[in-house]
Amino acid sequence: MKDQNYANHRRYAAGYHYVLSALLIIGLIISIINIFRHQAYHGGFVSSILILLLFVCASLIWAFLRTFPLKAQDRAIRAEEGLRYFILTRKPIDSRITIRQIAALRFAPDDELIPLVERVITENLSPDDIKKSIKNWKSDYHRV
């Protein structure tokens, strides 16, 4: 597996992120057009509404299938990085640091973590800025 760094750390599942999302958007647009088309001709209006509802439900499922597991991963990352910081400093990680910042800090090796956490607290670095500040990238191949 190729070494991870700032440029290549994002992961996309092409079938999910591109194909399925495009099909859902196309389906939603066509089902809305279909409602207006059938409303003008007074036929098949109920089935057009049902088709739209199915696409809305499928879109919600698509969104929840992504967000629910990411929330669980965020909780695990918060616990892992909180434990790592505690082991290194014997102090809990500052509560002002957001989960997005903690998720970015997971790429920092132990020797860069403590100074970087201090910078995050004082400068309120964005997750992107945190990742760009890391000199020796610590790969994370387990998050999707």
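This is a predicted model: local features need pLDDT of at least 70, side-chain atom pairs count only at pLDDT 80 or more; totals for chains, interfaces and linings use all residues.

A search of the whole structure turns up three aromatic pairs, and the structure holds five salt bridges.

**How α2 and α4 meet**

- On the α2 side, the contact is made by R84, Y85, L88 and T89.
- On the α4 side, the residues taking part are D110, L113, I114 and V117.
- Sorted by class, this contact of α2 with α4 has five nonpolar residues, one polar residue and two charged ones.

**Salt bridges**

- As a bit of background, side chains of opposite charge can pair when their charged atoms come close.
- E81 and R84 form one of the salt bridges, and their closest N and O atoms are 2.8 Å apart.
- Both of these residues sit in helix α2, three residues apart, which means about one helical turn separates E81 from R84.
- Are E81 and R84 buried or exposed? E81 is buried, with a relative accessible area of 7%, and R84 is buried too, at 12%.
- R96 forms a salt bridge with D94, with 2.7 Å between the closest N and O atoms.
- Here R96 is exposed, with a relative accessible area of 60%, while D94 counts as partly exposed at 22%.
- K132 pairs with D128 in another salt bridge, where the closest N and O atoms are 3.4 Å apart.
- K132 and D128 are four residues apart in helix α5, so about one helical turn lies between them.
- K132 is exposed at 51% relative accessible area, whereas D128 is partly exposed at 26%.

**Aromatic pairs**

- The three aromatic pairs include F64 with F68, which is stacked, at 5.0 Å centre to centre and 10 degrees between the planes.
- F64 and F68 both belong to helix α2 and are four residues apart, about one turn of the helix.
- F64 is partly exposed, with a relative accessible area of 42%, and F68 counts as exposed at 54%.
- F107 and W137 make another stacked pair, at 4.6 Å centre to centre with 25 degrees between the planes.
- Where do F107 and W137 lie? F107 is in the loop between α3 and α4, and W137 is in the segment after α5, so the pair ties together parts that are 30 residues apart in sequence.
- F107 counts as buried at 1% relative accessibility, and W137 is buried as well, with a relative accessible area of 16%.

- For context, most residues other than glycine have a negative phi.
- R90 has a positive phi, near 65 degrees, and is a residue other than glycine.
- You'll find R90 in the loop between α2 and α3, where α3 covers 99-105.
- R90 counts as exposed, at 59% relative accessibility.
- N124 is not a glycine either, yet its phi is positive at about 50 degrees.
- Look for N124 in the loop between α4 and α5, where α5 covers 127-133.
- N124 is exposed, with a relative accessible area of 58%.

Terms used: Residues are numbered from 1 along each chain as its sequence is written. Side-chain values use heavy atoms; hydrogens and water are left out. Contact means heavy atoms within 4.5 Å. Helices (H or I, at least four residues) and strands (E, at least two) are DSSP runs, numbered from the N terminus. Ala, Val, Leu, Ile, Met, Phe, Trp, Tyr, Cys and Pro count as nonpolar, Asp, Glu, Lys and Arg as charged, and the others, Gly among them, as polar. Buried means under 20% relative accessible area, exposed over 50%, partly exposed in between (1.4 Å probe, protein chains only). A salt bridge is a side-chain nitrogen of Lys or Arg within 4 Å of a carboxyl oxygen of Asp or Glu. Rings of Phe, Tyr and Trp (its six-membered ring) pair if their centres lie within 6.5 Å; planes under 30 degrees apart count as stacked, over 60 as edge-to-face and the rest as tilted.
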